[in-house]
Amino acid sequence: MLSREDNALLTRVERGTPMGTTLRRYWIPALLARELPEPDCAPVRVRLLGEDLIAFRDTQGRVGLLDEYCSHRRASLFFGRNEECGLRCVYHGWKYDVDGRCVDMMNEPEGHQFKDKIFITSYPTLELGDMVWTYMGPPERTPAPPKFAWTQVPATHRQVSKVIQETNWLQGLEGGIDTSHAPIMHRLLTTASTRPGFKPTNPFVRGKAPVLELDVTDYGYQYAGVRPLDDASVHVRSYHLILPFHQIRPSQTDGGLPLAAGHMWVPMDDATTMVYNWEYSLTDAPLSDEDRHEIERRLGNGPRDVDQTTFRSLRNRGNNYLLDRQVQKTESFTGIEGINTQDRAVQESMGTVVDRSREHLGPADRAVIQARRLLLEAVRATEKGDALRGVAPTYYALTPGEAVLPRGADWRQISTPDAARVPAERS
């Protein structure tokens, strides 16, 4: 468990907090690229690490990310005019380019303008993997671009989405790296069910409680849940945690197409998280429309389940996530549709920020415990000005693995390609 002091240290992310300062040392997803579909399109509000921002795509296609409020009288630039390589406040006509420079003042006479002295907070951006990323930290500490393997495949092979979770970011992250819950909460009760989840015949479900094996690396850690199946074999499912909030895990379509998948739990503020989701084909085969529909339905993150304007789940606390008690008795362990909807339901039920000083953790929580240690280490490293895990590009080629292996086999053979192997510390 964590002390209340350490719990606050890890969960408070707004400007000036130790964790907020640490998170600003990484590239952070700001929005989906498709939210800014064309040059001079409507600007979009972005809430990130407690800051209210505005994203816009200018006439040249460049993406700007600015403080939401105009430097003049603090009116919101959400109402602004996106025109001629700048975003113009509609109140008095002050205009800003993507770098935050004021380039025009409509309300000031030509001889009295002081636009060259006015700058609004702006953050650099880049586009990778159908997402717009930003860096909010000191320029001299800018890390390498976040070229995760999923960002480098063609868009035809990749599916991305996002959804708001009404909790602190750490609750989502800890759920995503907790392998012991997945074949319990996400299981189906019958092989005949067509609902999303793991069927009773799946070795992930048939296996006994897992033994967790974990290697600390310079990006975070890789770990596996090793589940005994019989006297000769085990089921292994491996994951990667890349600091500060990236999970990589194995997946596949119902038709057997192997996928890599993952999430990013990006803090909007101390109480709200934007969860970014991605999956991509590990073969030369692109994702078909049927594959994309299946991924969205399985996870509960697509247009059928999430409002694509507000990015809030249609199944939520206000309607008990549309829990069906009859389905819970006869088909699925929870009675809630969608694997990630189930995750949001239980994590939001813990409260906005869970009191970790009241927990009782065991060996099955090893990955959660280690993640907390690494995050506390990152905060201390930031305070000292030291290098952080997850900044060097050693994570670029990482893929997860899942297989039935002979007892005693090294699970790392399915987890880390040779090109991505980094020095590891067994934990």
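Predicted model: local features only at pLDDT ≥ 70, side-chain atom pairs only at ≥ 80, totals over all residues.
Residues are numbered from 1 along each chain as its sequence is written, and side-chain values use heavy atoms, leaving out hydrogens and water. A pocket is an open set of points on a 1 Å grid over the protein atoms alone, where a 1.4 Å probe fits and protein lies on both sides within 12 Å along at least five of seven lines; lining residues have an atom within 4 Å of a point. Look for strand 1, strand 2 (44-48), strand 3 (51-57), strand 12 (158-165) and strand 18 (273-281), each of which supplies at least two lining residues. Strand 2 gives the most, with five residues. Strands (E, at least two residues) and helices (H or I, at least four) are DSSP runs numbered from the N terminus.

**F311 has a positive phi of about 60 degrees, although it is not a glycine.** To find F311, follow the loop that joins helix 7 (289-299) to helix 8 (325-330). Is F311 buried or exposed? With a relative accessibility of 6%, F311 counts as buried (under 20% relative accessible area is buried, over 50% exposed and in between partly exposed, with a 1.4 Å probe and protein chains only).

**The largest pocket has a lining of 50 residues.** Which residues lie nearest the centre of the largest pocket? They are F198, S251, Q252, R298 and I339. Keep I339 in mind, as this residue is among the buried residues of helix 9 in the next view.

**Helix 9 (residues 339-349) is largely enclosed by the rest of the structure.** Why is helix 9 described in this way? Nine of its 11 residues are buried, so the rest of the structure largely encloses it. The buried residues are I339, N340, T341, Q342, D343, R344, A345, Q347 and E348. They pack against strand 12, helix 4 (169-176), helix 5 (182-185), strand 17 (258-267), strand 18 and helix 7; here contact means heavy atoms within 4.5 Å. Just after the end of helix 9 comes G351, which takes a positive phi of about 100 degrees.

**T194 sits in the loop between helix 5 and helix 6 (203-206).** T194 counts as exposed, at 63% relative accessibility. Leaving aside residues up to four places away in sequence, T194 touches R297 and E331. Now pick out Q342, which belongs to the buried set of helix 9. T194 and Q342 are 148 residues apart in sequence, and their C-alpha atoms are 16 Å apart in space.

**Three strands make an open, antiparallel sheet in the order 1-11-10.** Strand 1 (27-32) and strand 10 (125-128) are at the edges with a single partner strand each, so one side of each has no neighbour in the sheet. Two strands pair if DSSP finds at least two bridges between them. How many bridges pair strand 1 with strand 11 (residues 131-135)? Five bridges do, in the antiparallel sense; one place to look is I28, whose bridge partner in strand 11 is T134. In the loop from strand 10 to strand 11 you will find D130. D130 is not a glycine, yet its phi is positive, at about 65 degrees. At 32% relative accessibility, D130 counts as partly exposed.

**Four strands make an open, antiparallel sheet in the order 5-6-7-8.** Strand 5 (81-82) and strand 8 (102-105) stand at the edges; each has a single partner strand, so one side of each is left without a neighbour in the sheet. Strand 6 (residues 87-88) and strand 7 (residues 94-96) run antiparallel and are joined by two bridges. Find R88 and look across to strand 7, where its bridge partner is K95.

**The peptide bond from L243 to P244 is cis.** Its omega is near 10 degrees. Where does P244 lie? P244 belongs to the loop between strand 15 (233-242) and strand 16 (246-252).
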